[in-house]
Amino acid sequence: MLEVNHLQAGYDYLQVLWDVSLSVQPGEFVALIGPNGAGKTTTLRAIAGLIAPQAGTIAFEGRSIGGWPAHHIHRLGISFITEDLNLFEGMSVGDNLYLGAYSHRDSRHIRARLQMVYELFPILAERKRQLAGTLSGGERRMLAIGRGLMSQPKLLMIDEPSLGLAPKAVRSVFAALEALHRQGATILLVEQNVNQTLSLADRGYVMEHGRVALQGASAELLQHEYLKDTYLGAR
Ligand SMILES: Nc1ncnc2c1ncn2[C@@H]1O[C@H](COP(=O)(O)OP(=O)(O)O)[C@@H](O)[C@H]1O
Ligand SMILES: [Mg+2]
């Protein structure tokens, strides 16, 4: 579904990504992990069309999308849930969700999506008339993910959904991702929470200094000495 090959990208004169190759198959849950500053967010930004690749290719469903504008890539079915969430604080939870479906006009379709999001996150249904700005940290993450789902994306890219959340909220966010995966969603997840992420994901890529340093099935990565030493605190 998604095929990134030898991607190089960055900001102005700062090159951040030197050689990133990764792929996501339909229905797969793929994790992108690695230390702060490794280039994980930059990779997602390049795929979403928020920055242009300097070299390398990005293909989605066989189409080369490198350098396409973000709205165009979104329309192809890639939803990107950023760390900063971009919620409309002064609007209700329900209206934030409606806005996520902006590319759909069929109101029956929108209602069905809304129903699906409320089933995944019952707390959002409870709070649908509440202003987004009044939600807790965990609820805000859920709202951002729910809004990303409203456009019925083929690929869901999520950047660090557990960032800054209390353990209980982290568990609910991860439980929702697991449920989504079980329902067949295709997910590319960036996380610092390595252990928890790899226990849900099918496969993982470990990035370092703008390159993919390690990749493999989650079970293999969890057993990898390097990861154990660096992230998992074993030994
Ligand atoms: N908007 C930006 N402008 C300039 N440099 C940036 C910008 N965003 C990130 N960087 C730099 O790019 C590098 C990789 O950042 P990022 O992709 O956010 O890493 P990660 O998500 O893995 O923590 C870092 O050195 C960071 O300082
Ligand atoms: Mg990041």
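Reply: Setting aside residues within four places in sequence, Ile47 is in contact with Leu2, Val4, Ile58, Ile78 and Met157 (contact: C-beta atoms, placed from the backbone, within 7 Å). The model is predicted: local features need pLDDT of at least 70 and side-chain atom pairs pLDDT 80 or more, while totals for chains, interfaces and linings use all residues. Residues are numbered from 1 along each chain as its sequence is written, with chains lettered from A and ligands numbered from 1 in the order in which they are written.

Ile47 belongs to the largest nonpolar core, which has 61 residues; Ile47, Met157 and Leu189 touch the most other members. This core takes at least three residues from each of domain 1 (1-70 + 156-166 + 186-235) and domain 2 (78-153). A nonpolar core is a set of buried Ala, Val, Leu, Ile, Met, Phe, Trp, Tyr and Cys residues joined through C-beta atoms within 7 Å. Buried means 20 or more other C-beta atoms within 10 Å of a residue's own, exposed 12 or fewer, and partly exposed in between, with C-beta atoms placed from the backbone. In soluble globular proteins, nonpolar side chains tend to be buried together.

The protein is assigned two domains, domain 1 and domain 2 (bounds from an automatic or database assignment). Their centres, taken over C-alpha atoms, are separated by 25 Å. Where they meet, 13 residues of domain 1 are in contact with twelve residues of domain 2. On the domain 1 side, α1 and β7 each supply at least two of the touching residues. The most comes from β7, with four residues. By class, this side has ten nonpolar, one polar and two charged residues. Here Ala, Val, Leu, Ile, Met, Phe, Trp, Tyr, Cys and Pro count as nonpolar, Asp, Glu, Lys and Arg as charged, and the others, Gly among them, as polar. Helices (H or I, at least four residues) and strands (E, at least two) are DSSP runs, numbered from the N terminus.

Lys40 is found in α1, and Lys40 counts as buried because 25 other C-beta atoms lie within 10 Å. Beyond four places in sequence, Lys40 is in contact with Leu32, Gly34, Val190 and Met207. Lys40 and Gly210 are 170 residues apart along the chain, yet their C-alpha atoms are separated by 8.0 Å.

The shell around ligand 1 is made up of Tyr11, Leu14, Val16, Gly34, Asn36, Gly37, Ala38, Gly39, Lys40, Thr41 and Thr42 (a residue is near a molecule if its C-beta atom, placed from the backbone, lies within 6 Å of it). Both β2 (14-24) and α1 (40-48) supply at least two residues of this shell, and the largest share, three residues, comes from α1. The shell divides into four nonpolar residues, six polar and one charged.

The C-alpha atoms of Glu208 and Gly34 are separated by 6.1 Å, although the two are 174 residues apart along the chain. Apart from neighbours within four places in sequence, Glu208 is in contact with Gly34, Pro35, Ala38 and Ala213. With 15 other C-beta atoms within 10 Å, Glu208 is partly exposed. Most residues other than glycine have a negative phi.

Twelve of the 13 residues of α6 are buried, among them Arg140, Met142 and Leu143. Their cover includes β6 (78-81), α3 (93-100), α4 (107-120), α5 (122-126), β7 (155-159) and α7 (167-182).

Leu135 lies in the loop between α5 and α6. Leu135 counts as buried because it has 20 C-beta neighbours inside 10 Å. Not counting residues up to four places away in sequence, Leu135 touches Arg127, Gln130, Arg140 and Leu143.

Notes. Contact = placed C-beta atoms within 7 Å.
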